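This report describes a protein model through its strands, its charged pairs and its aromatic contact. Please consult the sequence and the structure shown here while reading.

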Amino acid sequence: MAKKEKRFERVYKEGSDLTTGVDILVDKTTRIQYLMVSSGYAMGVTPLLDSEGKPLLWKPEPQEPAWND
């Protein structure tokens with residue numbers, strides 16, 4: 001059986017303790033960025049939006065990973 005590829009990739013992490021964190025995840029299929037905030041047993045995920053309310057797309061810097069559709 002072939003190994004399944006991960007759909008989401010963490011591109012940013014903030015917070016150093018085990019109870020609180022802020023991460024930005026990217027859907028490698030759609031390139032949409034998501035904000036994930038966790039604190040203790042609680043967690044929330046929401047898409048990042050631009051000033052017009054459209055989802056922010058991942059545009060990697062040259063040294064960062066790029067996923068092709």
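Asp23 has a relative accessibility of 6% and therefore counts as buried; buried means under 20% relative accessible area, exposed means over 50%, and partly exposed lies in between, with a 1.4 Å probe and protein chains only. The model is predicted, so local features need a pLDDT of at least 70 and side-chain atom pairs count only at pLDDT 80 or more, while totals for chains, interfaces and linings use all residues. Residues are numbered from 1 along each chain as its sequence is written, and side-chain values use heavy atoms, with hydrogens and water left out.

**Overall architecture**

The protein contains zero helices and four strands, where helices (H or I, at least four residues) and strands (E, at least two) are DSSP runs numbered from the N terminus. Along the sequence the pattern reads β-β-β-β. Of its 69 residues, 19% are buried. Among contacts in the protein with a separation of 6 or more, 20% are between residues 24 or more positions apart, a contact being heavy atoms within 4.5 Å.

**Strand pairing**

Strands β1 and β2 are paired in the antiparallel sense over six bridges; two strands pair if DSSP finds at least two bridges between them. In this pairing, Glu14 stands opposite Val22 in β2. Strand β2 is also joined to β3 by seven bridges, and these two strands run antiparallel. Six of the eight residues of β2 are buried, so this strand is largely enclosed by the rest of the structure.

In β3, Gln33 is the bridge partner of Val26. With a relative accessibility of 12%, Gln33 counts as buried. Leaving aside residues up to four places away in sequence, Gln33 touches Ile24, Leu25, Val26, Pro47, Leu48, Leu56, Leu57 and Trp58.

The hairpin of β2 and β3 has five residues between the strands. Arg31 belongs to the loop between β2 (20-27) and β3. This residue has a positive phi of about 65 degrees although it is not a glycine. Most residues other than glycine have a negative phi. At 28% relative accessibility, Arg31 counts as partly exposed.

**Charged pairs**

Side chains of opposite charge can pair when their charged atoms come close. The structure has five salt bridges, each defined as a side-chain nitrogen of Lys or Arg within 4 Å of a carboxyl oxygen of Asp or Glu.

Arg7 lies in the segment before β1 and Asp27 in strand β2, so the pair ties together parts that are 20 residues apart in sequence. Asp27 is buried, with a relative accessible area of 3%, whereas Arg7 is partly exposed at 43%.

Lys28 is buried at a relative accessible area of 16%, and Glu9 is partly exposed at 25%.

Because Asp23 lies in strand β2 and Lys13 in strand β1, the pair ties together parts that are ten residues apart in sequence. Lys13 is partly exposed, at 49% relative accessibility. Arg10, Lys13 and Asp23 are linked in a network of salt bridges.

**Aromatic contact**

The structure holds one aromatic pair. Phe8 and Tyr34 form this edge-to-face pair, at 6.1 Å centre to centre and with 75 degrees between the planes. Rings of Phe, Tyr and Trp (its six-membered ring) pair if their centres lie within 6.5 Å; planes under 30 degrees apart count as stacked, over 60 as edge-to-face and the rest as tilted. Phe8 lies in strand β1 (residues 8-14) and Tyr34 in strand β3 (residues 33-39), so the pair connects parts that are 26 residues apart in sequence. Phe8 is partly exposed at 42% relative accessibility, and Tyr34 is partly exposed at 21%.
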